[in-house]
Amino acid sequence: MQNKGAVTVLAIALGLISLYQLSFTFATYKVRRDAKEYAKGDLVKQRTYVDSIAALPKEKWSYLGYTFKDVQKKQMNLGLDLKGGMNVILEVSVEDVLKSLSNYSTDKTFLQAIAKAKGYERQSQADFLTLFGRAFQEIDPNAKLASIFGTPALRDKINFNSTNEEVMKVLNEEVNTAIDNSFNILRTRIDRFGVVQPNITKLSTKGRILIELPGQEDPKRVRELLQGTANLEFWETYENSEVINYLIQANNILREIQKSNAKTDTTKSAVAAPSQAKPAAPADTTKKDQALEELISKDTTKAKAETRQEFDLQNPLFAVLNPRVDQKGQPLQSSMVGLVRGMDTAKVNSYLKMPRIKILLPRDLRFVWSLTPYKYDPTKSMFELHAIKITTRDGRAPLGGDVITGARPTSGRTGSEVQVDFTMNSEGAKTWARMTRENIGRCIAVVLDGYVRSYPRVINEITGGSTEVTGDFTLDEATDLANILKSGKMPAPARIVSDNVIGPSLGKEAINSGFVSFVIAFILVLSFMIFYYSRSAGTIADIALFVNLLLLFGVLASLNAVLSLPGIAGIVLTMGMDVDANILIFERTREELRNGKGVKLALYDGYRRAYPAIIDSKATTIITGVVLYVFGSGPIKSFATTLIIGTMTSLFASIFITRLIYEALLKRNKQLHFSIKMTAEFLKHTNIDFIGMRKYFYIASAIILTSGIISLFTRGLNPGIDFKGGRTFVVRFDEPVTTENIANKLTVAFGELPQVVTYGNVNQVKITTAYRINETGAEDAVDTKLYEGLQSFFPPDVSRDNFLRNYMKSSETVGPVVAADIKINAFYAVGIALVLIFFYIFVRYKYWQFGFGAVASLFHDVLLVLGVYSLLWGHMPFSMEIDQSFIAAILTVIGYSVSDTVIVFDRVREFLPLYRKRPFKEVLNIALNATLSRTINTTFAVILTIAAMFIFGGAVIRGFMFALLVGISTGVYSSVFVATALMYDTSRGRHKELESKILSKAVVNATA
């Protein structure tokens, strides 16, 4: 072997680097093991131990000069499915950026274009700005964007004469800047959140940001942290006494509207019975209103129930809004004008937005809700309604959060109340001093992201720009608010369009099942190689496999790549495909030994003849891996990463490491064997007429494919939420449950029938629903409905929080827009993979017949797998959804199948010059028979590893592995019985021409 010294040095260097990178993982594992022993089952104590080690300086704890906090960042990065946590895709609202850039223009064409672009967005992969430009042009081709965006803020870039194309370029720059700023602000928030090894990445779709938070167990807190724009505002307020009479008048108007509707609707008249109701006293500014007195003095006893019902009918507004008055009916001092149950806030909003109500309210009056329930409400279901006063011409707050220069959580003056202290810049300090000076004795509302957080009453003027925000905070809430304020205001709202929450217990189970399946697959492959190829050759192949895994894990650790359960599946698959190169070398070497060559020369020729097939098979695998990486996301990227890296490291180990070992052994005159007696003659003298029997296989394929296609049109497929949008929950119960009972209960809770399937054990189910999927921020409400629907299956003492923490093992939400993008990307991925493979084979073999045979057989494989899934979904005891994992399996099958086909084609190209006088059909049969041993052995090794993952890998990955099992089996079938046969039939009548071209090329190569 040439450059043996350089290869040896490179192998040693790569091995040492890999060991160095992996050592950080072992160091963190030791600390966590010590923490577990110290805590003795107490998770809080265990976490505290780890946090205390992370806080130690380098002088007190270090590994290779790194603190434990730094070591954690260098350890193997496990995916969320292995350690639990939260995966979120945020979308920065480009719509809000455009509205802000237009200075909130009310231009009719502009608003129509925004609405039309939102409609296009559901069906297109183009970004929102492009869709807006298209919609604007369609609505009014003569309209000018410059008239809308020629604002004072953009006057240096846009003037009245700017064309629409020029304005779009400016808008594109501004939108990109807003997205970049949002990305940086989110990254700062995440860094301050204290998560180890967080990942924040911009996705290819403009405005979308992927955030992964391993180990995070508080989804609600994360959602609030990420979606908050940090839009802090300080507003002057109305006093309750100034607003109460407007509310009384609004109540009277609503009563009149109700009576008017009752007269024209007999059904409503029967329900409301207005003819029996007593008219309420008219509003009086000097006396107590009779309706208020009745409300406050109401009795909750049974005797007063009719009076209360009658009162509600007569007072529509005060039936849902409890005004803030004392026992005598006098308004209390506050900016809070009432309390409303959370379920009634939408009704109050609709009342206050009615034209007849709005016209009686002052123009500078705006109502704002509190973020949290009323502090003194024991049920925690009542929310505060505040009256703020608009004092600026543009309707914005006189003081905003952009003046904040510093923020920190403190314990307040008493030490028992958590608050946030912050400081302002000089401009903010002046405005704050004026506001407090002019509002002594009145409240100032502190509004964050559209909700009142506190409303302190001003005692005296505050100068210097230092102040505080109280609001019944927990320490975590105060810390998050301080971090948000320090990070800065988001340029535009960011909404969650997809999220995935995996509980730590499910992650631990995934690690265990992944590790067990990995070890079993590893042992099976090692044993098979030693059994079939003898102790000497098999052991060398196993050593190469060890080296491949060391390099693979080392590279993953050094790149800080995420290892997920699909990633482990990729490693296991790589192990199976890794032995393919060794099997190719061994089979070629055995052929040379049968031809009478010595071991040294046989090995040399075996490697030389195996190189083209090895390179081609690895290249096609890498092609599919790259396509997966580009079009996949999350765990699919992890699978693609391990597949690509594993393919490269296996190439190095199987070609160079084994060659170094063989040469070292031959130098010492060691005896080498490449088979045992039992396997030496296996498939040695096969003479099957594959081409002659091709019509039978065409018929068999046609029957199977027709059955599958009929099923596709009748039963269809079972698309997962990746493709249709929706929510999934994995819930574990204390006892076995039936899916039908759970579906019936949840139908009542959701108002629609969910899909419920057993997921792994009989006491665990996977629930899929589209309930409120089009609503942003509905996660908490959906979780509550889920708990209410399943409450009867749990002990009475299981609360909502207990259910979410201990029984709901994972949840995933995919919005319809993201689902549409995933579906389109899936089609692109499969199509591009097929086109790239066709061109690769065309370039390698120069004849389109080879490419056609390969790609047609791949279509055959894809349709067959789809047909099997269509026939079997709903009948198998595991998930058979069509999702991203299924597409990953399809692409993997494509890569494996084409590598099988390429190896046969490579033999055809090799044998044509050797058997010049034999018919083309016979040469093809010889090539197929010569590669049969390799095909069966490699397939057996791969199926061994996939079967181990399928059986022991857990419910999460079982559907994915089943697709691989079906696909690999059909791939072998098509590469042997379909691809070469199609190549032969498309060459019919041109066999001599094809032979002569290949022969002339072979002569040229031999001369060269």
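This is a predicted model: local features need pLDDT of at least 70, side-chain atom pairs count only at pLDDT 80 or more; totals for chains, interfaces and linings use all residues.
Start by selecting Tyr662 and Phe674: both of these residues are buried.

**Stop 1: the whole set.** A search of the whole structure turns up 41 aromatic pairs. A pair of rings is described by how far apart the centres are and by the angle of the planes.

**Stop 2: a pair within a helix.** Now select Tyr20 and Phe24. Their rings make an edge-to-face pair, with 5.2 Å centre to centre and 85° between the planes. Why are Tyr20 and Phe24 separated by about one helical turn? Because they are four residues apart in helix α1, which covers residues 4–39. Is Phe24 buried or exposed? Phe24 has 0% relative accessibility, so it counts as buried. Tyr20, at 36% relative accessibility, counts as partly exposed.

**Stop 3: back to where we began.** Return to Tyr662 and Phe674, which form a tilted pair: 6.0 Å centre to centre, with 40° between the planes. Tyr662 belongs to helix α23 (residues 635–667), while Phe674 is in the loop between α23 and α24 (677–680), and the two are twelve residues apart.

**Stop 4: charges over rings.** Select Lys45 and Tyr38 next. The charged end of Lys45 sits over the ring of Tyr38, 5.1 Å from the ring's centre. Finish with Lys144 and Phe160: here the charged end of Lys144 sits over the Phe160 ring, 5.0 Å from its centre.

Definitions and conventions:
Residues are numbered from 1 along each chain as its sequence is written. Side-chain values use heavy atoms; hydrogens and water are left out. Rings of Phe, Tyr and Trp (its six-membered ring) pair if their centres lie within 6.5 Å; planes under 30 degrees apart count as stacked, over 60 as edge-to-face and the rest as tilted. Buried means under 20% relative accessible area, exposed over 50%, partly exposed in between (1.4 Å probe, protein chains only). A charge sits over a ring if NZ of Lys or CZ of Arg is within 6 Å of the ring centre and within 35 degrees of the ring normal.
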